[in-house]
Amino acid sequence: MAQLLVLHGPNLDLLGRREPALYGHATLAEIDALLAAEARRAGHALHSFQSAAEHALIERIHAAAREGVAGIVFNPAGYTHTSVALRDALLAVAIPFVEVHLSNPQARESFRHHSHFSDIAVGTVTGFGAESYRLGLLGLLAHLARAPA
Ligand code: DQA
């Protein structure tokens with residue numbers, strides 16, 4: 001049984017109410033519950049963490065390394081396009097992660113086209129709403145199943 005982590009960046013606590021035409025109607029609690037159930041079905045434990053604070057996300061990534069977390073599903077939200085420090089944290093702990101986005105940033109404003117994470121992620125899933133998270137988790141599980149222990 002692996003320990004898995006879902007990390008959500010700023011403003012994702014407002015899901016359900018935040019620009020629903022773009023981000024859908026599912027709340028963060030609903031997404032977390034769906035992911036926990038999916039992980040449980042596969043025999044794994046999954047914890048979730050959301051913060052608007054870059055330092056809190058960085059500290060959660062450091063803690064994940066101490067806890068032996070095997071993989072992370074990460075929606076960095078606005079930090080996708082700005083945070084070298086979060087990128088460095090993921091490189092430092094070397095925990096495999098999948099980058100997910102509810103919307104498709106490539107189909108939006110040009111400042112969203114660059115991600116500080118895509119080139120170091122196992123993979124990325126974008127544009128499927130809450131389903132992006134589920135697909136991201138399934139991709140992470142497939143990656144962990146074929147990665148040498
Ligand atoms: C987002 C896309 C980002 O560009 C944006 O800043 C978000 C949400 C998404 O899930 O579609 O906050 O990560």
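**Chat about the ligand site and the fold**

Me: How far is a polar side-chain atom of Asn75 from an oxygen atom of the ligand?
Reply: That distance is 2.8 Å, and a polar contact here is a pair of N or O atoms within 3.5 Å. Bear in mind that this is a predicted model, where local features need pLDDT of at least 70, side-chain atom pairs pLDDT 80 or more, and totals for chains, interfaces and linings use all residues. Numbering starts from 1 along each chain, and side-chain values use heavy atoms, leaving out hydrogens and water.

Me: And what about His81 and Arg112?
Reply: In the side chain of His81, an N or O atom is 2.7 Å from a ligand oxygen. For Arg112, a polar side-chain atom lies 2.9 Å from an oxygen of the ligand.

Me: Nice. Which residues surround the ligand?
Reply: The shell has Arg18, Tyr23, Asn75, Ala77, Gly78, His81, His101, Leu102, Ser103, Arg108 and Arg112, counting a residue as near if a heavy atom is within 4 Å.

Me: Switching to the fold: how many helices and strands are there?
Reply: The protein chain has five helices and five strands, taken as DSSP runs (H or I, at least four residues; E, at least two). Along the sequence, the pattern is β-α-α-β-α-β-α-β-β-α.

Me: What size of box do the C-alpha atoms fill?
Reply: Along the principal axes, roughly 40 × 30 × 25 Å.

Terms used: Polar contact = N/O pair within 3.5 Å; in protein donor to acceptor, adjacent residues only side chain to side chain.
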